[in-house]
Amino acid sequence: MKVGYYPGCSLHSSAQEMGESFWDLMRPLGVEAIELEDWNCCGSSPAHSTHHGWALNLAMRNLLLAEEQSLKELLVMCPSCFVRLREAARQVQSDPEKGEQVSKALGRPYGGSVRLKFFLEMLRDVGTEQMRSLLKKPLKGIKGALYYGCLLSRPEWITGFDVGPYESFLENLFRTLGGEVAHWGYGRQCCGAHLGITKPGLVSSLVDRIREHARRAGANCIVVFCPLCQVNLEMRGRKEPALPVLYITELLGLAAELPRTTRWLGRHLVDPRPVLREARLL
Amino acid sequence: MAAEFLEEVSRRSGQRFEGCYHCLSCGGGCPVVEAMDYNPNQIIRMVQRGMREEVLGSKAIWVCVGCFSCLSQCPNRVHIPAMMDTLREMALEAGVRVAEPEILAFHRAFLGEVRRWGRVYELGLVLKYKLSTGKFFEDFSVGFKMMAKGRLQLLPSRIKGEEQIKRIMNGTRRLR
């Protein structure tokens, strides 16, 4: 089945390595994906922070496009985009007034036929067995602190994920790859989100605390699922020595020995290659 | 007057605030509370008391990043992030002096990119934000490193449905 792919703005720029590594994984996993044509920004925090109409209509334009392009499923890569798109769809489906607003702004009503799917759900559907079949190089020697951030499961009634089972699934996925899970209590602490640009001092103190706890748990890297968490965790922090911050998709790509791996590993601000070399993965 | 403000915030955010009994769970779990002038529960109390000017002129409403940590810890599920969205929108409508001009400058630069290209052109966003706040040299080296590593797209990409985006975003100029 063909599924639509909604990368979101970061994946075309600062989070290219997340997009590339996931894109390269889809074929071996038997998923045929096509990028949603002419997609636009979901509006992210700035839209919902200032004007509910912009947030609603920017998000809904993508769902209308998916419907127009006969895509039954739309894979979303960024947790923030996912929450924004889901929230807009929920509003339209539960409030006829919001539906009216969307048809007026975008020229036609939303039929509600598109299923929004977060990329991790796809990995869950693929299942452990098939995941194992891709494994060429188990991630032995990688002890990762899994950093879920804020919006991966919150709010649960929008994402549809139960925090506990969801986090166990991610831990199991990481173990399936051969990695060791570092036990820590900071996986759900906010990275500071967009304050990373406007309040660097505050965000540095948040990042320092996250790094300190990851290190204390014995981790040699932080594993992330969100482009904004990734940038903040690499770019901010002052006191604590930096830890490499890798996307789960990069680690999957590394374990599956995908050809473009070295290219995206070279783009990090905190070079992960020394840790990977030490684990004999490069 | 007090009832009017409370009623408006309540209607627009879809929230009822009577449930709040000031247990302080929201502020306790808030990652950015130290940069706020009032704790989230204090904002609720001020809304109930009709303190329109103080609330709309506060730092707290802009510092909130919407991480939903307060909401998952609130025993009565008061949707504080939805309340904050409404309060920011009301502050902009009322034209009050925004207590966190840099955060507003960021939102403005971001939405300007969306309005112009349909997507966020990150390099343009950063430059616009830096120019509008005069903080041009802050983060110069990290920005340079990101460029050198090819982590910032050098040229923007424009979508075809720009007319639709302009129609949606009509009034972005109001943020100026």
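**Reading rings and burial**

Me: Is A:Phe82 buried or exposed?

Reply: A:Phe82 counts as buried because its relative accessibility is 1%. Buried means under 20% relative accessible area, exposed over 50% and partly exposed in between (1.4 Å probe, protein chains only). A:Phe161 is buried too, at 4%. Keep in mind that this is a predicted model: local features need pLDDT of at least 70, side-chain atom pairs count only at pLDDT 80 or more, and totals for chains, interfaces and linings use all residues. Residues are numbered from 1 along each chain as its sequence is written, chains are lettered from A and ligands numbered from 1 in the order in which they are written, and side-chain values use heavy atoms, without hydrogens and water.

Me: How many aromatic pairs are there over all chains?

Reply: Rings of Phe, Tyr and Trp (its six-membered ring) pair if their centres lie within 6.5 Å; planes under 30 degrees apart are stacked, over 60 edge-to-face, the rest tilted. The whole structure has 14 such pairs. A:Phe82 and A:Phe161 form a stacked one, with 6.2 Å between centres and 20° between planes. These partners are 79 residues apart: A:Phe82 lies in helix H4 (residues 79–94) of chain A, and A:Phe161 in the loop between helices H8 (156–159) and H9 (163–176). Helices here are DSSP runs (H or I, at least four residues), numbered from the N terminus.

Me: Which ring has the charged end of B:Arg119 over it?

Reply: A charge sits over a ring if NZ of Lys or CZ of Arg is within 6 Å of the ring centre and within 35 degrees of the ring normal. For B:Arg119 the ring is that of A:Trp39, with the charged end 3.7 Å from its centre. A:Arg124 likewise has its charged end over A:Phe169, 5.9 Å from the ring centre.

Definitions and conventions:
Helices (H or I, at least four residues) and strands (E, at least two) are DSSP runs, numbered from the N terminus.
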